[in-house]
Amino acid sequence: MASKNTEKRIRAGAAQRTAHGVFSLNVGTVVFAAILLYILVSLILFLTRTHISYYQVTSGPLSRNTTYTGLALRSEQIVTTDTSGFVTYYAQGNTRVRKSGMLFGIGPQRSETEGEGISELAKKSVYETIRNFSLNYESNDYSDVYSLKYDVTGKIVSDTPILSDEMQIQALRSKGTYTLGTETITAAPRDGIVVYSLDGYESFEAEDMTPEDLDKKNYRQTDLRTGEKIAAGDAVCKMIDSEQWSVIIPLTSLQIVRLDGIRRIRVKFLKDNVTQMADFTILPMEDGSYFGKLDFNDGMIRYVGDRYVDIELVTNTQTGLKIPISSIVSKEFYTIPESFATESSEDGDTTIGFMKEVRNSDGTASSEFVSTTLYEHKDGKYYIDSTDFQSGDVIVTRNSDGERYIVRNTDTLEGVYCTNKGYAVFRKIIILDKNEEYCIVQAGTRYGISQFDYIVLNSDEVKEEQIIARKS
């Protein structure tokens with residue numbers, strides 16, 4: 001009897017363990033299958049859904065202005081000497097010299113300039129020249145050390161009162177040269193800027209331009225301040241006596257089309273970011289090439305030491321908020337004459353809206369004030385959101401003249417979908433300029449966008465008020 005009971009307990013325990021094992025296996029399988037299904041569904045939805053891209057609104061011009069490297073042409077006259085010897089330079093290079101002022105002297109021996117007795121102002125100028133040279137010095141510009149030497153010498157010598165005013169007047173009367181000790185001094189024949197270098201473009205004309213003239217690799221400049229003995233007839237310096245100068249730039253066929261018809265243009269010099277106006281003409285050449293000629297009436301002294309100048313033609317003057325063309329969407333609005341607008345004051349706040357005619361339960365007519373967003377006001381009409389009214393609604397005036405207006409006329413405004421609040425909100429834009437990819441819109445418009453706002457990149461991918469989970 002005991003053995004039968006034992007056998008029953010063994011069978012019951014085995015059955016219970018079997019049932020428990022089957023139940024555990026089914027729960028684990030179901031949970032795993034559910035998780036796997038969730039992952040697969042999420043992956044399919046992610047791969048098949050439309051991915052919304054965003055654009056952060058920036059401020060600036062529509063596109064960058066084109067930059068050029070141009071050839072500077074000036075009225076340059078080479079000054080030569082009638083005697084041989086060693087040159088003492090009394091005028092600092094790339095600076096203005098007054099009429100009858102000392103340019104240089106020719107003597108039988110090298111001149112040794114003493115620095116004693118010069119003014120504190122001259123010393124400060126010398127220190128500043130040396131400091132600027134050291135800050136901008138590069139090892140491949142070692143030859144410029146000679147230019148520094150003569151610049152410093154010119155500053156010191158020009159501070160030394162060698163000649164009296166009477167002697168300078170006499171020098172002018174004697175055709176600009178006179179003798180001082182063992183030196184033959186040459187005075188400036190007119191007011192102008194003195195330059196101590198030659199490069200072969202002193203008598204160059206714009207009509208002689210070729211594309212090779214704009215290749216800086218072939219450009220060579222000769223510094224006349226070598227310290228060596230010179231012969232009669234050698235060049236000592238050159239004088240520039242006119243503020244009128246020109247810059248010649250190369251033009252492509254596309255640039256010719258864009259600049260055609262322009263007679264005055266703003267030019268920015270990249271060396272110091274100074275801008276000034278220039279007269280502009282297009283020069284067609286016999287070889288089929290085209291150049292642009294920019295004529296200036298001042299500012300030449302700032303770049304008198306540069307034959308090649310880097311400039312930017314400021315043609316894109318329209319600035320504002322820059323957005324992609326793909327972000328623009330058109331929205332339809334009802335238009336209501338401004339004469340039907342009315343004001344309502346509540347808690348000290350004034351709101352503009354319209355009096356809408358409604359029917360009471362007894363069939364009589366009355367009016368109620370409807371506050372609405374006024375997206376635009378032009379041509380004597382207000383543009384209101386189509387969700388605030390329906391076609392056929394009647395707008396009445398608050399006074400007793402009985403004038404009525406039936407809402408039905410519509411017009412469209414251009415805008416973008418702003419996503420700052422997590423859903424697509426229409427914001428009006430006013431386009432100032434555009435190209436194939438971007439446009440410039442006016443900043444500070446009512447119900448418009450601001451810099452750093454996030455907008456939908458492709459407006460056809462979303463609908464207004466669609467909830468959007470934008471990632472930061």
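Helices (H or I, at least four residues) and strands (E, at least two) are DSSP runs, numbered from the N terminus. Two strands pair if DSSP finds at least two bridges between them.

## The model and its confidence

This is a predicted model, in which local features need pLDDT of at least 70 and side-chain atom pairs count only at pLDDT 80 or more, while totals for chains, interfaces and linings use all residues. Residues are numbered from 1 along each chain as its sequence is written, and side-chain values use heavy atoms, with hydrogens and water left out.

The predictor's confidence in each residue is given as pLDDT, from 0 to 100. Its mean over the protein chain is 82, and 79% of the residues reach 70 or more. Over residues 159–165 pLDDT stays under 50. For that stretch the model has 11 contacts (heavy atoms within 4.5 Å) beyond four places in sequence.

## The chain as a whole

The protein chain contains five helices and 32 strands. Of its 472 residues, 36% count as buried; buried means under 20% relative accessible area, exposed over 50%, and partly exposed in between (1.4 Å probe, protein chains only).

Among contacts with a separation of 6 or more, 72% join residues 24 or more positions apart.

## The barrel

Strands of a sheet pair through backbone hydrogen bonds, either parallel or antiparallel. Here six strands close into a barrel in the order 3-14-17-16-15-18, with antiparallel pairing. From one strand to the next, the twist averages 45 degrees. Angles run from 0 to 180 degrees between N-to-C directions, and the axes are lines fitted to C-alpha atoms, for helices over the stretch in contact.

Leu71 has Tyr308 of strand 18 as its bridge partner.

## Two hairpins

Strand 22 (residues 349–359) runs antiparallel to strand 23 (residues 365–371), with seven bridges between the two. Gly353 is bridged to Ser371 in strand 23. The two strands form a hairpin with five residues between them, and Gly363 in the turn has a positive phi of about 90 degrees.

Strand 28 (residues 410–418) and strand 29 make four bridges in the antiparallel sense, and Cys418 has Val425 of strand 29 as its bridge partner. Six residues lie between the strands of this hairpin, where Gly422 takes a positive phi near 95 degrees.

In a regular strand the side chains alternate between the two faces of the sheet. In strand 29 (residues 425–428), Val425 and Arg427 point one way and Phe426 and Lys428 the other way, and all are buried.
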